[in-house]
Amino acid sequence: MAKRVVLAYSGGLDTSVAVRWMIDNLGVEVVALAVNVGQDGGSIDARMLDERARAAGAVECMVVDARDEFARDYLVPALKANALYEGRYPLVSALSRPVIAKHLVAAAREHGADAVAHGCTGKGNDQVRFEVSTRALAPDLEVIAPVRSWGMTREDCILFAYDHGIPITATKEKVYSIDDNLWGRAIECGEMEDPWRVPPPGVWSLTKQTATEQRDLVIGFEDGIPTTVDGRAMSLVDLISEVGQTVGAYGWGRLDMVENRRVGIKSRETYECPSGLALILAHADLESITHERDLAREKQRLEIRYAELVYDGLWFSPLRQALDAFIDDTQRVVSGEVRLHLEPGSCQVTGRRSDYSLYDYGLATYDAADAFRHDDSAGFVRLWGLGLETWAAKQGNRDA
């Protein structure tokens, strides 16, 4: 039985109640750990978190600013992989869980804890991500999931908090579950549990349309990593934030989809990912002129698997690490600029350029500068179709 537990702490209702519940029901000491991955714009109130965690009974509350690490070591690899789960979702929540798990393990070692805990439910994806990641990094640590076992409703949790003097802001009327970070924002529950209902306008935060004048946004990349916006060099965190704010102001970057969860159910999800979607759009387009055809096709095939691994909580798996080695090799030539054209409700690529571009004007043009040897095509086309021609002559009319 665990004696000291490090809890992934958000300061919200469930994790605040979890502190006291574990103390009362498991007899453990609780260290609360909040990891800043850009939620709430990165403006985490450390004093509020400390007061709330200690009021619930935590012996300590740690706050770790992991934004730079999150951008460099998790978002960039996913961007290089153009990782979109089921072809659409840029893995907002899934990418933050392994970095939080990493810091949970580090805090457990620092504080001599023999267990870590999370506030996930029994049918969500995040329980998988936290627990599989923790066991990959520290198989000796016990993993506790109080929300999965306590059987309390939201109303029960609110009453529990009041009864135990835990300061919270939650109310029974708050029906949405929100998770956000540098890469975007996930909104679920409430009306969104009916896949036919239109999400109410009030759920959108990052993609409220405030800009009306058309404009261009030029993203510069070096070795697959975004480094500049309109020619200005920026840190990754600042660049991701600026792209998200700029693109989101045009009301672009929303997703409304029914996805297949790892636990076997279909779930209607709504997301706001203006920065993640815009940067993946630009990055993939730059690859279209810098990657040789067979390399591009093989990478596109593996991108699907990469996204599945991240979504399924297998960030620390050997396959994901091996795919990173392949993908990193492909990025040596992905340097250049992509121009995004923005207007209300729209973000489109309208230009791309690179010193490593495989686009050859002399081969592509139809004007007087055409350098393509047209005479070579007749023999090529005949050989390309020779097998099909032979089949048609010998077997194609058999059924007739």
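**Salt bridges and a helix crossing**

Modeller: The structure holds 31 salt bridges, a salt bridge being a side-chain nitrogen of Lys or Arg within 4 Å of a carboxyl oxygen of Asp or Glu. This is a predicted model, where local features need pLDDT of at least 70, side-chain atom pairs count only at pLDDT 80 or more, and totals for chains, interfaces and linings use all residues. Residues are numbered from 1 along each chain as its sequence is written, and side-chain values use heavy atoms, with hydrogens and water left out.

Colleague: OK, what does Lys80 meet in a salt bridge?

Modeller: Asp328, at 3.1 Å from N to O. Lys80 lies in helix 3 and Asp328 in helix 11 (residues 318-330), so the pair ties together parts that are 248 residues apart in sequence. Helices here are DSSP runs of H or I, at least four residues, numbered from the N terminus.

Colleague: And is Lys80 buried or exposed?

Modeller: Buried, at 11% relative accessibility, whereas Asp328 is partly exposed at 40%. Buried means under 20% relative accessible area, exposed over 50%, and partly exposed in between (1.4 Å probe, protein chains only).

Colleague: Which residues are linked in a network of salt bridges?

Modeller: Arg97, Asp126, Arg129 and Asp179.

Colleague: Switching topic: which residues in helix 3 meet helix 8?

Modeller: Arg67, Asp68, Ala71, Arg72, Leu75 and Val76, which meet Leu236, Val237 and Ile240; contact means heavy atoms within 4.5 Å.

Conventions. Helix = DSSP H or I, 4+ residues; strand = E, 2+ residues; numbered from the N terminus.
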